[in-house]
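Below are my notes on this model, as numbered points.

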Amino acid sequence: MTSVAIEATALQRRFGDRAAVDGLSLRVEAGEIYGLIGPDGAGKTTTLRILAGLLDAQGSVRLLGRDPFDARSGSREVLGYMPQQYSLYGDLSVAENLAFFREMYGLSRDTFRARRDRLLALTRLAAFRDRRVQTLSGGMYKKLALACALLHEPKVLLLDEPTTGVDPVSRRELWDLLHEFLAEGMAIVIATPYMDEAARCHRAGMLHGGALLVEGAPNELLVAFRHPVFAVRGDRDALEELLARDDEVLAYTPAGARLRIVVREGHERGVLARLEAAGARAEPTTASFEDVFLARMREERSAA
Amino acid sequence: MSGSLRRTKAIAHKEVLHMIRDARVLYLALGLPVIMLLLFGYGISMDVDHIPIAVVDQDHTEASRRLVEKLVAGENFVVVARRDSADETTPLLRRGTVTAVVVIPAHYQRDLARHDPTSAQLLVDGSDSIVASIALGDAVGSLETLTPAAPEPPPLIARFNPAMRSAYNFVPGVIAVILAMVSSLLTGLTVAREWERGSMEQLFATPVRRSEIILGKLIPYAVLGMLQTLLIVTLGSWLFDVPIRGSLALLFGASALFLCAMLGIGLAVSVITKSQLVSVQVALLVTMLPTTLLSGFMFPIANMPWILRVLSSLLPGRYYMTALRGVFLKGNGVDVLAPQLVALAVFSALVLGLGIAKFKRRLS
Amino acid sequence: MKPAISVRGLERKFGKFVAVRDVSFEVRAGEIFGYLGANGAGKSTTIRMLCGLLAATAGEAEVAGVDVLRHPADARRAIGYMSQRFSLYLDLTVHENLAFFGGAYGLFGAAFRARRDEVASELGLGALGAEITGSLPGGLRQRLALACAILHMPRVVFLDEPTAGVDPEARRTFWRIIRRLARGGSTIFVTTHYMDEAEYCDRVGLMVDGRLAALDTPTGLKRTFAPGRMFEVRGARAKEVAAALPSATVEPFGAALHVRPNDAQVGADELARVLDARGVAQSGVTETDVTLEDVFLRVVGGAGAS
C-alpha cells in the first residue's frame, strides 16, 4: 500500500507579470524519486521553494499530510531541503555545520553520532571534518549539503540541482547515497539539468514556462516516443551547421565521437538523404531520455 | 533540554563562532569604544583654557596691571597682543588671532579709588558661541573678586560637579553613545548577512522559530556589550577621574537593559532591510544620532522645542543617560531610577517583538 | 611553431597540501584543450596560475609567449579569462558590462564600439544591448561573460567551467561559438564537468589529485582506458551483471548500465545470451559508443577522488 508523501495542487506564482509557476500539480509517493527537469528559468527552483513552504503561492501543498506554510504543522521535522545556492556556513567546519543541524533537529547524542559517522563515510568527507566549508571544492560542498539535509532522516527530500558542477564520480556517489535512503521509504523530488539523472528517476516531469509539459515514468515515455533516432558519424562542425538549419531534425546531441539526432516522425528519408549527400553515415539507434526531452522542447517552441 | 532552548543555544553558539572567526567584529566591538572614548574625552573638552586675548590698557597704572594679572593668573587667558585702542584690535578679532579683548579705560585706577563708576570692558568674539560663553564665564569668575565694597554674592556652587568639570558631563554620555552605536551596528549586520549569504534559506527549512533566531543572535552580542560597558566604564572613570558614586550593579543592570534596546533595534533593522549595507546606515541613524543629539548628552532637553522633547521621551538613550548620570554622579539608587529602568525594559520588549514579528519565514 | 601554452613541472602548495604536482604539457595555437578532473583535483588552481592570478610554488609556464609566472601583468594582455563564478555586474546592461571590460583592457571610443558590435553579433547578443544583465537567463549570461573575455582579442582564452548549470541547448550554442573562435586562431583552454562537451576538444588532459594522469585526444584516451566495445544494458542490476561477468567493467549510466567486456569479439546479442544464461535479468542490450565519461570513471574513479 503506497502512500502519497508529497502532494501539490494547482500551484500558481507570479513574479511581476511573469508566471513562474502556472497551474502545476504533482504527486510523489513514499519510496519514489521524481525528477523535475527543464531549461533555465523554467521554474524548477520556484517549484521546490513552494513545496518547501519557503515561497508563498496559490494552490496547496501537503508533505505527509502537513502544510509546509503552517508553522505549527510540524512539516519541518519531516522535510529535508537542499537549496541550489550555497547556504551552509563557510566559516564553520564540516563537523560544526553537522553539529549545528543536529541541534536544529534535536537529535540525541548517540543517534547523531551514528548518523553523522555513516554520512561522513558515505560521502567520503570523514577526512575533512575539521576543514572550513569555504575551502571545500564544489562537489565536496554539495555532498556535505546533502548530508546535512539527510541528518534527521526526513521522509521527504527536496533537492535543487544537487549535482550541478559536480564531477561524474562524485555524482554517482551522491546517487548511491540517495538510493540508500530511497530504499528506506523516502520520497524525493530532484530538480536536475542532467538527462541521465532524470532517466534514473521513477517518474520525471518536464517543466516549461511554469507548467508540466510531459510527465511519466522515463521508460514509458521512451516507449511512447515516436520519433526515430539515429547515430551519425561525419565532420562534426559541418554536420552541426547542417542540422541546426534542418527543420525536420528535432534535436541533436554529441554522443562519443558521433552525433545522435532525433528526426521528426515520417521525415527520415529526406534527412538521411541530406546527411548522405554531406558525406555522413547514419545508423538507427535507441532513443534516450534526453532525446525525448529535447524533441518535446523543440516541439513546444515551434508551437509557440 | 527542550527543543526550543537547544535551538536558541545552537544559534547563539554559531554566532559566537562567527564572531571569533571574523576578527574585525572583535576589533569593532572592543577597539572602537576605546578609541571613541579617548577621542571624546580628550579631544572634545568643554574646559577651554589658554584663550588668547589682547589687552588695551589706556590707564597704565598698577590697578590696570593687576586686573590683567588676575585674568591670566588662572591660565584661562593668555595675552598675545597689546594695543592702544579698541579699534586696533578689530583686525585681530576678525582674523581669530585673539578670542577676546580687555579694554581698560583711562583713569581706571583713579575712578576706582574714588568709588566712581568705571568698568573694564571685555570684547568677545561671538562667532564661536561656546568658546565665547566660556570665555565670558571664566572672565567673570576671575574678575568677581576685584569689585570692592560690593556685597558678597552668594557663592555659586555646582553641586555634584563642583569644579564644573566637563568630563563629568561627557563620560556618562559617551558611554551611552558608544554602546548605542557599536551594538546596533553589530546586530544590524548579523541577520542581513544570513540573507545575503544565502544561509537563511536553509535555516527556514529547519524547525527553528523566528524568536529563537532573534534571541539566539541577541545573546552573544549582549554578552559582548556587557564587556564593552565594563571596559569603557572602567577606562572612562579612571582616565578622566569620574567618580562612580552609585551601585555598580545598578549601573550594569541599566546598561544591560539599554543594550537589549539597542541590539533589538539593530536586529529589527536587519530583519526588515535584509541588506547589510542598508542595515548599517539605518541602524546608526536610528541609534547613534538620536542618542547624541536628543538624549540630553550635549544639549539640555529642557531647552528643546516641545516636539523634540516628545521625541526624546521616546528614546531609550534619554532614560539611559538619566540613569547613568544618576549612578555616576548622584549615587542614585533603584528607588529613584525605577522609572528609567522600566522605560528601558518596555522599549526593549517592544523592539524585539517588532523584530520577531517582521521576520518573514519566506523568501521573496 | 611555438606552442600557445607551455607548462613544465608546475607545482602549487597551500601549506602542506599539494594542490598541483609536477604538471607538464603543451597546447598548440588554435587548439581546443580540455582539462578534466574530479572536484578539488587542481583544475581551477592550474588555470589561475596560467592566467597569472596565482603564483606557482615551482615550475615554469609560458602563455602566448610570455613567462606568465614571472610577468603576469604582461601575459594578461594576451589572455582572456572566464571564471567559474563569472564576474558580470548584474545591475548593468549588456552594453555597460561590455564597456566596462573593454575599458579595463584599454578599449575606448570608436575602436571599442566596433569591436563590441563585432563580438556581440558573433555571440548572438546583438539585439540585447539594453537588457539588464541580471534579467538574462543563464545561457545568455554565459555568452556575455565570454564576450567580455574576448573583447581584447586575446590569443589564449581560459574558460573555467563556462557552461555550469546551463541547459543542453544553450551549452551546444556556446560550444559552437567556441569552435568558431578556435577556427579563427584562438587557443582555448577549457575545464568542464560535462563529458559530452569534452568530446569537442582536440586533446583532453585528466587531473587526479593534483597530477596530470592522462593526456591525449578523446579517441586516444578511449583506446587506452576503455578499449573494446561498449554495451548499454537496460533493466539490469549492476551487482548481478558484475558477478556474472567478472572480467568486464560495469558502470551505472543513467537508468542503464555500461558494460565493457574483456573480449572485444563479443557482440550485443551474444552478451544478452550470456547474461540470460547466467540468470541475470535484463530488458535489452545494445552496442553504444565509448564516451569520455567512461574514460573519466576509469581514470578518476579508481583513484578515490573526493
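1. Two strands pair if DSSP finds at least two bridges between them. Helices (H or I, at least four residues) and strands (E, at least two) are DSSP runs, numbered from the N terminus. In these terms, L36(A) stands opposite G205(A), a residue of β8(A). The strands concerned are β3 (residues 33–37) and β8 (residues 203–208) of chain A, which pair in the parallel sense over 4 bridges.

2. This is a predicted model, in which local features need pLDDT of at least 70, side-chain atom pairs count only at pLDDT 80 or more, and totals for chains, interfaces and linings use all residues. Residues are numbered from 1 along each chain as its sequence is written, while chains are lettered from A and ligands numbered from 1 in the order in which they are written.

3. The strands of point 1 belong to an open sheet of 6 strands in chain A, ordered β5-β6-β7-β3-β8-β9, with mixed pairing. At the edges stand β5 and β9 (211–216) of chain A; each has a single partner strand, so one side of each is left without a neighbour in the sheet. On average, neighbouring strands of this sheet are turned by 15° against each other, direction ignored.

4. Helix α5(A) lies across β5 and β6 (156–160) of chain A and runs at about 165° to β5(A). Axes here are lines fitted to C-alpha atoms, for helices over the stretch in contact, and angles run from 0 to 180 degrees between N-to-C directions. The 13 residues of α5(A) (residues 138–150) should span 18 Å at 1.5 Å a residue, and the end C-alpha atoms are 19 Å apart, which agrees. The expected span is 1.5 Å times one less than the number of residues.

5. A residue is buried if 20 or more other C-beta atoms lie within 10 Å of its own, exposed if 12 or fewer, and partly exposed in between, with C-beta atoms placed from the backbone.

6. Two residues are in contact if their C-beta atoms, placed from the backbone, lie within 7 Å. Of the 2 pairs of chains in contact, A and C share the most contacts. There, 33 residues of chain A meet 37 residues of chain C. The elements of chain A giving two or more residues to this side include α5, α6 (168–183) and β11 (249–255). The largest share, 4 residues, comes from α6(A).

7. Between chains A and B, 24 residues of chain A are in contact with 20 residues of chain B. On the chain A side, α2 (75–78), β5 (79–82) and α3 (94–105) give two or more residues, and α3(A) has the largest share with 5 residues. No contact joins chain B and chain C, whose closest C-alpha atoms lie 15 Å apart.

8. For chain B the mean pLDDT (the predictor's confidence in each residue, from 0 to 100) is 83, and 90% of its residues reach 70 or more.

9. G333(B) sits in the loop between α13 (316–330) and α14 (334–358) of chain B. G333(B) is partly exposed, with 13 other C-beta atoms within 10 Å. Leaving aside neighbours within four places in sequence, G333(B) is in contact with G246(B), S247(B) and L250(B).
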